[in-house]
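Here is a quick tour for anyone meeting this protein for the first time. Take a look at the sequence and the model, then read on.

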Amino acid sequence: MMEMVLNILSDGLFAAVAAIGFGAISDPPMRAFPRIALLAAAGHALRYTLMTYFGVDIATGSLCASLTIGFGSMMLGRRIHCPTTVMSIPALLPMIPGMFAYKSMFSIIMFFQKIDDTAAAATYLDSALRNGMITVFVILMLAAGATLPILMFPSKAYTMTRRKEYPERPNDN
């Protein structure tokens, strides 16, 4: 039990460190950094827990984690008057499936190098398609989960950076 908790906490800690690094690139306000770290740790630890201990696939786990980050960035962004995307994008970046993307590209290269060997080419093509599909769907789930809260509550997303709350979003006429 203690090992499980340590694994989850270390996963969240490493994601938080990576998210702070990604956040530093986009130059958010200093008050956003602790929230970026918190969102990344919570999202990545949730995905890790779902995948490792509950047998959830990576795409579904990524959707749950990105929804957590999306709704969390709306709540935390309101408190510090910071747009949701300033916090959610750096928090999502540690969950990009880089290894799957790498394996997909490697398999494509190997497919073309082994094009004359039908068995090897088929193996590499299968690997490229499998890893490519995982990469695409995980990224789609990350984007959908982070965007859904903004689409569900557009007036809250619009007014969170304003000091005064508006009941509705003004017309853009």
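How exposed is Arg 130, in terms of relative accessibility? Its relative accessibility is 45%, so Arg 130 counts as partly exposed. Keep that residue in mind, as we come back to it below.

## The big picture

First things first: this is a predicted model. The protein has seven helices and zero strands. Read from the N terminus, then, the run of elements is simply α-α-α-α-α-α-α.

Of the 173 residues in the protein, 37% are buried. The accessible surface comes to about 10300 Å², and carbon and sulfur atoms own 69% of that. As for contacts, take those with a separation of 6 or more: 71% of them join residues 24 or more positions apart.

## Charges and one salt bridge

Side chains of opposite charge can pair when their charged atoms come close. How many salt bridges does a search of the whole structure find? It finds one.

That salt bridge joins the side chains of Arg 130 and Asp 126, at 2.9 Å from N to O. Both residues belong to helix H6 (residues 118-152), and because they are four residues apart there, about one helical turn separates them. An α-helix has 3.6 residues a turn, so residues three or four places apart point the same way. Neither end of the pair is hidden away: Arg 130 is partly exposed at 45% relative accessibility, and Asp 126 is partly exposed too, with a relative accessible area of 42%.

Now hop over to helix H1 (residues 2-26), where Asp 11 is found. Asp 11 is buried, yet it has no salt bridge. Which side chain of opposite charge is nearest to Asp 11? That would be Arg 47, 6.9 Å away. A salt bridge needs the nitrogen and the carboxyl oxygen within 4 Å.

So who does Asp 11 touch, once neighbours within four places in sequence are set aside? Asp 11 is in contact with His 44, Ala 45 and Tyr 48.

## Two loop residues with positive phi

Most residues other than glycine have a negative phi. Here are two residues to look at with that in mind. Asp 27 is not a glycine, but has a positive phi of about 55°. You'll find Asp 27 in the loop between H1 and helix H2 (33-53), and with a relative accessible area of 65% it is exposed.

His 81 is the other one, with a positive phi near 55° in a residue other than glycine. His 81 sits in the loop between helix H3 (58-80) and helix H4 (84-92). With a relative accessible area of 23%, His 81 is partly exposed.

## Inside H4, and the cysteines

What about cysteines? Cys 82 is buried, at 2% relative accessibility, while Cys 64 is partly exposed at 30%. With a disulfide taken as a pair of cysteine sulfur atoms within 2.5 Å, the count comes to zero disulfides.

## Sequence distance and distance in space

Phe 112, in helix H5 (residues 98-113), is exposed with a relative accessible area of 58%. Phe 112 and Ser 73 are 39 residues apart in sequence and 43 Å apart in space, C-alpha to C-alpha.

The second pair involves Leu 125, which has its place in helix H6 and is partly exposed, with a relative accessible area of 38%. Leu 125 and Ile 108 are 17 residues apart along the chain, and their C-alpha atoms are separated by 6.7 Å.

Note on methods:
Residues are numbered from 1 along each chain as its sequence is written. This is a predicted model: local features need pLDDT of at least 70, side-chain atom pairs count only at pLDDT 80 or more; totals for chains, interfaces and linings use all residues. Side-chain values use heavy atoms; hydrogens and water are left out. Buried means under 20% relative accessible area, exposed over 50%, partly exposed in between (1.4 Å probe, protein chains only). Contact means heavy atoms within 4.5 Å. Accessible areas come from the Shrake-Rupley method with a 1.4 Å probe; for residues, only the protein chains shown count as cover. Lys and Arg count as positive and Asp and Glu as negative; His and the chain ends are not counted.
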